[in-house]
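Here is a short report on one protein chain. Look at the model first, then read on with it open.

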Amino acid sequence: MNILILNDDGIAAEGIRTLARHLAQHHAVTVAAPMHQQSGTSHALTIGRAIEVRADENFDADYDIRAWAIDGTPTDCGKLYLDAIAEELPDVVLSGINHGSNLGTDVIYSGTVGAAFEGFFHGIPSFALSRIEGSCISYAEVAAYFEPFMGHVLTAMEQPFLLNINFPKELAGGRPQFVFARQGGRDYINAFERIEENGCVRYRVAGEVSDTDKGAGTDIYAVEHGLISVTPVGVDMTDYPLLEECGRCIQ
């Protein structure tokens, strides 16, 4: 199987290198990743400047992995590779393994999920993979647990899809249990830290997690209970109940 791997932590990140190394033992793997850290860039696309692309010949000397370092966003990496570099489209697109979770409304800001959307937009089955902060599960274990699950899903599902997957801090019962879950609600308290230095005022993104919806059935609930959450993510952001209400208002 031909697999394209993207991420937002950058081409030197441990997560993407571990995932690529593991999958390259059984599949043809290509990597297209940002030259630098790009977390929180959502589905941003670089407009107005040319994007530098370099073949990374030293990505992993022990495995036959083709790697491209791209001076752009995670979305740039996916779109540029699929539209301009690839000689044929991959069978599956992966994004990750992200250094940190992408739960609840984090998916709106996530560069990991943004990159995976490019695969979905091209009609390719796609997965976004994240490991929660401080997890006891290694990146190698994440990759090993994910591979058979990926194979099962690809066999069972015919249409293109995007699945957002989050690994917990510890596995309930000491074994991987994948559960399908809806997106929960997540916000941040004190989201910015004020910094005054040399007469300048700056703000740095900080904040403490505040989960507004982590009830049973949500991705947040699953991860907090040692399960691996799997959330199908779609493109259509229409608020259908509000659309109906608006229609009634003008009748």
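Is arginine 186 buried or exposed? Arginine 186 counts as buried, because its relative accessibility is 13%. Buried means under 20% relative accessible area, exposed means over 50%, and partly exposed is in between (1.4 Å probe, protein chains only).

## About the model

This is a predicted model: local features need pLDDT of at least 70, side-chain atom pairs count only at pLDDT 80 or more, and totals for chains, interfaces and linings use all residues. Residues are numbered from 1 along each chain as its sequence is written, and side-chain values use heavy atoms, with hydrogens and water left out.

Helices (H or I, at least four residues) and strands (E, at least two) are DSSP runs, numbered from the N terminus.

## A salt-bridge network

Start with the charged side chains. A salt bridge is a side-chain nitrogen of Lys or Arg within 4 Å of a carboxyl oxygen of Asp or Glu. By this rule the count comes to 11 salt bridges. One of them joins arginine 186 and aspartate 106, at 3.7 Å from N to O. This pair links distant parts of the chain: arginine 186 sits in strand E9 and aspartate 106 in helix H3, 80 residues apart. Both arginine 186 and aspartate 106 are buried.

Arginine 186 also forms a salt bridge with aspartate 211, and here the closest N and O atoms are 2.7 Å apart. Aspartate 211 lies in strand E12 and arginine 186 in strand E9, so the pair ties together parts that are 25 residues apart in sequence. Aspartate 211 counts as partly exposed, because its relative accessibility is 23%.

Now look at helix H7 (residues 240-249). Glutamate 244 and arginine 248 both lie in this helix, 4 residues apart, about one turn of the helix. Their side chains meet in a salt bridge (3.6 Å, N to O). Glutamate 244 is exposed, and arginine 248 is exposed too.

## The largest pocket

Rolling a probe the size of a water molecule over the atoms shows where empty space is left. The search uses a 1 Å grid over the protein atoms alone, and a pocket is an open set of points with protein on both sides within 12 Å along at least five of seven lines. Lining residues have an atom within 4 Å of a point. A volume is the space filled by probe spheres (1.4 Å probe) set on the points, which are joined across faces, edges and corners.

The largest pocket has a volume of about 850 Å³. It is lined by 35 residues, and the closest to its centre are Ser101, Asn102, Asp106, Glu133 and Tyr188. Elements that give two or more residues to this lining include strand E5 (92-99), helix H3 (106-109) and strand E12 (208-213). The lining residues divide into 12 nonpolar, 13 polar and 10 charged. Here Ala, Val, Leu, Ile, Met, Phe, Trp, Tyr, Cys and Pro count as nonpolar, Asp, Glu, Lys and Arg as charged, and the others, Gly among them, as polar.

## What the record says

The UniProt annotation "binding site" (unreviewed entry) covers Asp8, Asp9, Ser39 and Asn98. These residues are spread over 91 residues of sequence, yet they cluster in space: the largest C-alpha distance is 9.1 Å. The lining of the largest pocket takes in Asp8, Asp9, Ser39 and Asn98. Aspartate 8 is found in the loop between strand E1 (2-6) and helix H1 (14-23). Aspartate 8 is buried, with a relative accessible area of 3%.

UniProt positions are given in the numbering used here, feature names are shortened, and annotations may be inferred rather than shown by experiment.

## An enclosed strand

Where does strand E4 (residues 65-70) sit? Of its 6 residues, 5 are buried, so strand E4 is largely enclosed by the rest of the structure. Two strands pair if DSSP finds at least two bridges between them. Strand E2 (residues 28-34) pairs with E4 in the parallel sense over 6 bridges. Alanine 33 stands opposite alanine 69 in E4. Strand E3 (residues 53-55) and E4 run antiparallel, joined by 3 bridges.

## Backbone details

A cis peptide bond joins glycine 96 and isoleucine 97, with omega about 5°. Isoleucine 97 is found in strand E5.
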